[in-house]
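Here is a short report on a protein chain for a reader meeting it now. Start with the display below, then read on.

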Amino acid sequence: MKQFTYAITDPIGIHARPAGMLAQLAKSFADSTVTLTKGDQTVKATQLMKLMNLGVKAGDEVTIGVEGGDEDAALAALEAFMKENL
């Protein structure tokens, strides 16, 4: 498993539009499982409602984890996504 930590800079945090985009991106890596962790809560990044229920706000740190066959490509894409959108 590979992972990275990211501090959310979007003033609204993870809201509907970026959460949907993140879920779609995570689904595009069929050979890997993508998770997002805030505090002691971990959810699969493909599960939109669970992502939004984490209540991630600006300044919160989240950890993105990727495990599977295409984890290197997924990790690079997810890191770029987070920097561009959140």
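What share of the contacts in the protein chain with a separation of 6 or more comes from residues 24 or more positions apart? The share is 72%. This is a predicted model.

**Overall fold**

The protein chain holds three helices and four strands. Read from the N terminus, their order is β-α-β-β-α-β-α. The radius of gyration is 11 Å, close to the 12 Å that the globule rule gives for 86 residues, so the protein chain is as compact as a globular protein of that length.

Some values for the protein chain as a whole follow.

| Property of the protein chain | Value |
|---|---|
| Box filled by the C-alpha atoms, along the principal axes | roughly 35 × 25 × 20 Å |
| Accessible surface | about 4,700 Å² |
| Part of that surface belonging to carbon and sulfur atoms | 50% |
| Buried residues, out of 86 residues | 40% |

Charge comes next. The protein chain carries 8 positive and 11 negative side chains. The centres of these two sets lie 8 Å apart.

**A closer look at serine 32**

Serine 32 sits in strand 2, which covers residues 32-38. Is serine 32 buried or exposed? Its relative accessibility is 9%, so serine 32 counts as buried; the cut-off for buried is under 20%.

Which residues does serine 32 touch, leaving aside those up to four places away in sequence? They are Val66, Glu67, Gly68, Gly69, Asp70 and Glu71.

Technical notes. Residues numbered from 1 in each chain as written. Predicted model: local features only at pLDDT ≥ 70, side-chain atom pairs only at ≥ 80, totals over all residues. Heavy atoms only, no water. Helix = DSSP H or I, 4+ residues; strand = E, 2+ residues; numbered from the N terminus. Rg over C-alpha atoms; globule rule 2.2 N^0.38 Å. Buried < 20%, exposed > 50% of the residue type's maximum accessible area, 1.4 Å probe, protein only. Contact = heavy atoms within 4.5 Å. Areas by Shrake-Rupley, 256 points an atom, 1.4 Å probe, with all protein chains shown as cover. Lys, Arg positive; Asp, Glu negative; His and termini not counted. Charge placed at Lys NZ, Arg CZ, Asp CG, Glu CD.
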